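User: I have a model open here and would like to talk it through with you. Could you take my questions as they come?

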Amino acid sequence: MRYRPLTYNNEFTRAYARGKSYVHPHVVLYVNRNRLGYTRVGITASRKIGNAVTRNRARRVIRAALWQTLPPDVGGYDLVFVARGQTPRLKSTQVAKTAAKLLRAAGVLRD
RNA sequence: CGAGCAAAACAUACGGCGGCGGGGCGUUUUUGCCCUGAGGAAAGUCCGGGCUCCACAAGGGAAUGGUAACUGCUAACGGCAGCCGGGGGUGACCCCAGGGAUAGUGCAACAGAAAUAGACUACCCGUGUGCGCACGGGAAAAGGUGGAAAGGUGCGGUAAGAGCGCACCAGCGCGCUUGGUAACUCGCGCGGCUCUGUAAACCCUACCAGGAGCAACGCCCAUAUGGGAGCAAUGCGUGCCCUGCGCGCUCCCGGAGGCGGCUGGAGCCGCAUGGCGACAUGCGGUCGAGAUAGAUCGUCGUUUAAUACAGAACCCGGCUUACGGUUUGGUCGUUCG
RNA sequence: CGGGGUAUAGCGCAGAUGGUAGCGCGCUGCGUUCGGGACGCAGAGGCCUUGAGUUCAAAUCUCAAUACUCCGA
């Protein structure tokens, strides 16, 4: 696994409360700086998206997009990706484009 | 051709490229090769077990909860098979919480005279009469209400009537009897004539059940060190002093993280034998996920009917619910021969 | 993994031990007022979440399903 995961609920809650959010119809990104020196990523798909198969697919698509997009040495950030209603119907290449756009807007990726 | 019924198997496969989880081997310090990788319901969590911990002499009873014809199958079951009884359908076939209402209690709105017991109209007798009727008694056949009104039809009988008596029929109980392991059933005789429904109302009878759940439980580290109460005290540190903050002891609540549990089992496949069947026995073959924020995907090609419902989280046996096309065998209807 | 609750008029809620369902706010009409509000009178609006079953009869009892929600480990 190329990234480290966010696991605990309070870490997600801190990202939602203190981090900045970047909204797109495909996916929502929350960014919060941490002091660990490495980047942690959490992927969320709520029950509004659908049943277990649909939620698994939404997570899988986002993860595939991150493998294409996220370089391993960006610095210390906590990133939370939230799947939306269209996410399971998209291709991972489309999501990769949006993720790159959002990360660039957040200042995580620099050209 | 249309409609409907039952059953069965499947739920893509193969190859190229890239990617992910697990295991093995090599190389050794970041890579290479090989093997393997979701379901018929994995779901809902409605039942039954295994396993683990807690409780408990054996055993009996009470409470609570559950099950309910009978015989079998099974580790067990509320499941399955066969069979009996009842019900639905023209039929193939399907459905049934299917013990007890003669142990007791409760309830039965409205309507109706009356709802488990009686008399409004009409009937009969007697008395009084102003001949319209009133009062007392008999009887429960006729009327209308209702889901339900106390067996049905006919004859006799009577003041009028009534199972009051008789014949036949329906139902119940008892005794004998045919078939069956049994539920039940074939037939005969006798009895009083007979009794509403509801137990998915309380209840009675028979049988079953100790409780909790893999976040169980065991081990490592006894640590990131959290919260509360009490005690001792104005002790120590900070500080000029007070307040404040930190430090002590005891008890209670709690406890991140890592490893095991973790998958070879009432396992699966084939054949034979026994059995109507569920299933059992024997022989042979075979190994088919184990993640820990959670792995099965993307793309291209070929072939197909291969789409729908849908994703393992300790493991099995069922039930229920969701859902795709295919095949087979019956049934009914229409038309043609 | 284990356990519980709710679904009734546009909205918020009653209706416990079966007999054709109400309350408040809102809505409609009329009255009152010069007009509006408040007030008074009258009225409409419900397959009681869905599907089966028990019963003469089900919002109520039983089973299954759906949606929302809560609790414990």
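User: To start with contacts in chain A between residues at least 6 apart in sequence, what percentage join residues at least 24 apart?
Analyst: This is a predicted model, and in chain A 80% of the contacts between residues at least 6 apart join residues that are at least 24 apart in sequence.

User: What confidence does the predictor give chain A, and which elements have the lowest and highest mean pLDDT?
Analyst: Chain A has a mean pLDDT of 77, with 83% of its residues reaching 70 or more. Among its elements, helix 1 (residues 9–18) has the lowest mean, at 70, whereas strand 2 has the highest, at 84. For the complex, the predictor gives an ipTM of 0.76 and a pTM of 0.74.

User: Is strand 3 mostly covered or uncovered, and how many of its residues are buried?
Analyst: Strand 3 (residues 27–33) is mostly covered, with 6 of its 7 residues buried. For chain A as a whole, buried residues make up 47% of the 111 residues.

User: What about valine 31, buried or exposed?
Analyst: Valine 31, which lies in strand 3, has a relative accessible area of 9% and therefore counts as buried. Leaving aside neighbours within four places in sequence, valine 31 is in contact with Gly19, Lys20, Tyr22, Tyr77, Asp78, Leu79, Ala106 and Val108. As for lysine 20, which is 11 residues away along the chain, its C-alpha atom is separated from that of valine 31 by 5.4 Å.

User: Which residues touch the most other members in the largest nonpolar core?
Analyst: That core has 22 residues, and Leu29, Val31, Val41, Leu79, Phe81, Leu103 and Val108 touch the most other members. At least two residues of this core are supplied by each of strand 3, strand 4 (40–44), helix 2 (52–69), strand 5 and helix 3 (92–106). Apart from it lies another core, of 7 residues, including Phe12, Ala15, Tyr30 and Val82.

User: Switching to helix 3, how far does it reach from its first C-alpha to its last?
Analyst: Helix 3 has 15 residues and reaches 20 Å from its first C-alpha to its last, which is close to the 21 Å expected at 1.5 Å a residue. Just after helix 3, glycine 107 takes a positive phi of about 85°.

User: Which residues of helix 3 are buried, and what do they pack against?
Analyst: The buried residues in helix 3 are Val95, Ala96, Thr98, Ala99, Ala100, Leu102, Leu103 and Ala106. They pack against strand 2, strand 3, helix 2 and strand 5.

User: Where does histidine 24 lie, and why does it count as buried?
Analyst: Histidine 24 lies in the loop between strand 2 and strand 3. Its relative accessibility is 16%, and because the cut-off for buried is under 20%, histidine 24 counts as buried. Leaving aside its neighbours within four places in sequence, histidine 24 is in contact with Arg84, Thr98, Lys101 and Leu102.

User: Last one: what does the accessible surface of chain A come to?
Analyst: The accessible surface of chain A comes to about 6,700 Å², of which 47% belongs to carbon and sulfur atoms.

Definitions and conventions
Residues are numbered from 1 along each chain as its sequence is written. Chains are lettered from A and ligands numbered from 1 in the order in which they are written. This is a predicted model: local features need pLDDT of at least 70, side-chain atom pairs count only at pLDDT 80 or more; totals for chains, interfaces and linings use all residues. Side-chain values use heavy atoms; hydrogens and water are left out. Buried means under 20% relative accessible area, exposed over 50%, partly exposed in between (1.4 Å probe, protein chains only). Helices (H or I, at least four residues) and strands (E, at least two) are DSSP runs, numbered from the N terminus. pLDDT is the predictor's confidence in each residue, from 0 to 100. Contact means heavy atoms within 4.5 Å. Accessible areas come from the Shrake-Rupley method with a 1.4 Å probe; for residues, only the protein chains shown count as cover. A nonpolar core is a set of buried Ala, Val, Leu, Ile, Met, Phe, Trp, Tyr and Cys residues joined through side-chain atoms within 4.5 Å. The expected span of a helix is 1.5 Å times one less than its number of residues.
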